[in-house]
Amino acid sequence: MYSDAYDPLDEAIAGLPLEEPPAGLRASILLATAYRPAPLFSLGEYVAMGAIAAIALWLIALVVMGGATLFVHTIETIAGTSARTLSNGATLAWLAAGGATALWISLFTGFQPAAVLPKRSQPPPRR
């Protein structure tokens with residue numbers, strides 16, 4: 001049964017003196033939570049770096065295992081396909097229009113970064 005009235009045990013517990021917290025406890029809690037430095041890279045950047053490293057390792061293993069001629073032919077095929085695609089006038093016009101639009105919007109909005117990191121303030125001075 002719940003009661004709002006204090007009994008003698010509650011009064012005795014409330015009357016006990018509290019121990020002082022360790023010096024710097026509040027500052028250490030704030031440094032570990034609110035003022036913690038931002039991570040060096042975001043999750044997406046870690047994934048991208050891992051993917052690039054995996055592709056580089058795969059290419060190195062391919063060349064080491066004797067697939068250098070296959071690798072060269074693959075690069076030649078990619079270069080030939082890219083050259084044919086980029087030699088099309090309509091493709092170049094669309095790429096130029098997209099680039100000009102991106103440049104115009106960037107100039108108009110003042111080159112704002114896509115993801116602005118929150119500015120963290122300094123911890124409060126110790127009293």
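Just after helix H3, Gly 66 takes a positive phi of about 95°. Helices here (H or I, at least four residues), like strands (E, at least two), are DSSP runs numbered from the N terminus. The model is a predicted one, in which local features need pLDDT of at least 70 and side-chain atom pairs count only at pLDDT 80 or more, while totals for chains, interfaces and linings use all residues. Residues are numbered from 1 along each chain as its sequence is written, and side-chain values use heavy atoms, with hydrogens and water left out.

H3 itself spans residues 43-64 and has the highest mean pLDDT among the elements, 90, where pLDDT is the predictor's confidence in each residue, from 0 to 100. The lowest mean, 84, belongs to helix H1, residues 8-15. Across the protein chain the average is 81, and 81% of the residues score at least 70. With its 22 residues, H3 reaches 31 Å from its first C-alpha to its last, close to the 32 Å expected at 1.5 Å a residue; the expected span is 1.5 Å times one less than the number of residues.

The protein chain has 5 helices and 0 strands. Buried residues (under 20% relative accessible area, against over 50% for exposed and in between for partly exposed; 1.4 Å probe, protein chains only) make up 2% of its 127 residues. Its accessible surface, from the Shrake-Rupley method with a 1.4 Å probe, comes to about 11,700 Å², and carbon and sulfur atoms hold 71% of this.

On that surface, Leu 40, Phe 41, Tyr 46 and Met 49 form a nonpolar patch with about 430 Å² of accessible area together. Met 49, in helix H3, is partly exposed at 39%.

A search of the whole structure finds 1 aromatic pair (ring centres within 6.5 Å). Phe 41 and Tyr 46 form this edge-to-face pair, 5.6 Å centre to centre with 75° between the planes; planes over 60 degrees apart count as edge-to-face, under 30 as stacked and the rest as tilted. Phe 41 is partly exposed at 34%, and Tyr 46 is partly exposed at 45%.

Key. Patches are made of residues with over 30% relative accessible area and no salt bridge: like charges are joined within 9 Å, nonpolar side chains (Val, Leu, Ile, Met, Phe, Trp, Tyr) within 5 Å. A salt bridge is a side-chain nitrogen of Lys or Arg within 4 Å of a carboxyl oxygen of Asp or Glu. Rings of Phe, Tyr and Trp (its six-membered ring) pair if their centres lie within 6.5 Å; planes under 30 degrees apart count as stacked, over 60 as edge-to-face and the rest as tilted.
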